[in-house]
Amino acid sequence: MSILQKFSLENKVVLITGGRQLYGKSSSIALAQAKATLYIATHSIEKALPFIDELNQMGGTAYATEFDQENPQSIKRMFENVISKEGRIDVFINASRVKPGSFGWEQKISDLEYSIRCNGAAFLYMNRLVGEQMIKQKSGSMILFSSMMGLVGVESHNYDGAEEMKKGAYSHDYAVVKSGVNGWTRHAASYYGRYGIRVNAICPGGLETPDMNPSFVKNYSLHTQLNRMADNEDIKGIVVFLASDASKYVTGTIIPVDGGYVGI
């Protein structure tokens, strides 16, 4: 098999949560271009259909499957739906996140509990369900979306001139959840390795969006080694790599994709 063939996702069944927004959307596009059979888990099948049509024009085969991260039964039905249609799940990409109602250092305990339940406990429940299927297959790749904020603390000077953005940076739930994803990745890789299952986490840096305060973009960029924030293309390569046979000896890794932010 040639090296380019190793990166192909043709004949691989991929399920992604959070696959219609930000880094998740870029990941879905990359997976479709690599010819995966792709299932997009979504709260609204109807709203997802235009994006599904777009993906199908890129060379892959894409479907939408219903999913509610707040509901364990919905999570279970999501997996059962894909497995009933395909018989397997080769790659699971867990990129979804539910946002709590309050942010900042004084974040409400009720919102912290909500986030830990949905972004922590439900996140792990999804991974365990797909793990059960992958054990039966004796193969599979789990790709978990973490964040470079699970590796480092907040650089407060990023928010100089952008004070309205600073409050959200100090929300407790995000740091707790993303740090937990990194720890669980190593923990799970040790358990699942005996079954031929790989578990890796991606820690993206900041993704520049049109609505960002220019001062924040400038300050943040100066803290990276590439002197810029990420764009929509920057996540695609690592996602396809970890989903494909090109990474078949890679597991238990926490991979920053942050322009060198945590390397300074």
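How far apart are the closest N and O atoms in the salt bridge that Asp 231 forms with Arg 228? Select the two residues and you'll find 3.9 Å. A salt bridge here is a side-chain nitrogen of Lys or Arg within 4 Å of a carboxyl oxygen of Asp or Glu. Before going on, know that this is a predicted model: local features need pLDDT of at least 70 and side-chain atom pairs count only at pLDDT 80 or more, while totals for chains, interfaces and linings use all residues. Residues are numbered from 1 along each chain as its sequence is written, and side-chain values use heavy atoms, with hydrogens and water left out.

**Stop 1: the salt bridges**

Together, Arg 228, Asp 231 and Asp 234 are linked in a network of salt bridges.

Now for accessibility. Buried means under 20% relative accessible area, exposed means over 50%, and partly exposed is in between (1.4 Å probe, protein chains only). Arg 228 is partly exposed at 36%, Asp 231 is partly exposed at 35%, and Asp 234 is partly exposed at 28%.

The structure holds 6 salt bridges. For another one, select Asp 90 and Arg 88, where the closest N and O atoms are 2.9 Å apart. Asp 90 is buried, with a relative accessible area of 14%, whereas Arg 88 is partly exposed at 29%.

**Stop 2: the whole chain**

Zoom out and switch to the cartoon view. You're looking at 9 helices and 7 strands. Both come from DSSP runs numbered from the N terminus: helices are H or I with at least four residues, strands are E with at least two.

The C-alpha trace spans about 50 × 45 × 40 Å along its principal axes. For 264 residues, a compact globule would have a radius of gyration near 18 Å, and the chain agrees with its 18 Å. That radius is taken over C-alpha atoms, and the globule rule is 2.2 Å times the number of residues to the power 0.38. Of the 264 residues, 49% count as buried.

**Stop 3: strand E1**

Select residues 13–17, which make up strand E1. Is this strand largely enclosed or open? All 5 of its 5 residues are buried, so E1 is largely enclosed by the rest of the structure. Show the side chains: Val 13, Leu 15 and Thr 17 point one way, and Val 14 and Ile 16 point the other way. In a regular strand the side chains alternate between the two faces of the sheet.

E1 and E2 pair in the parallel sense over 5 bridges; two strands count as paired if DSSP finds at least two bridges between them. Look for Thr 17 standing opposite Ala 41 in E2. Follow the chain from E1 through helix H2 (residues 22–33) to E2, and you trace a right-handed β-α-β crossover. Right-handed means that, with the strands pointing away from you, the path from the first strand over the helix to the second runs clockwise.

Then select strand E4, residues 91–94. E4 pairs with E1 in the parallel sense too, over 4 bridges, and Val 91 in E4 is the bridge partner of Val 14.

**Stop 4: Ser 96**

Move on to Ser 96, in the loop between E4 and helix H5 (109–137). Ser 96 is buried, at 10% relative accessibility. Which side chains does Ser 96 reach in polar contacts? One is Thr 17, at 3.0 Å, and another is Gln 69, at 2.5 Å. A polar contact is a pair of N or O atoms within 3.5 Å; within protein, one must be able to donate a hydrogen and the other to accept it, and residues adjacent in sequence count only if both atoms are side-chain atoms.

**Stop 5: Asn 213**

Finish at Asn 213, in the loop between strand E6 (197–204) and helix H8 (214–222). Asn 213 is buried, with a relative accessible area of 17%. Where does Asn 213 sit as a cap on H8? Look at the N-terminal end of H8, where a side-chain oxygen of Asn 213 lies 2.8 Å from the backbone nitrogen of Ser 215. The side chain of Asn 213 also reaches the backbone oxygen of Gly 161, at 3.4 Å.
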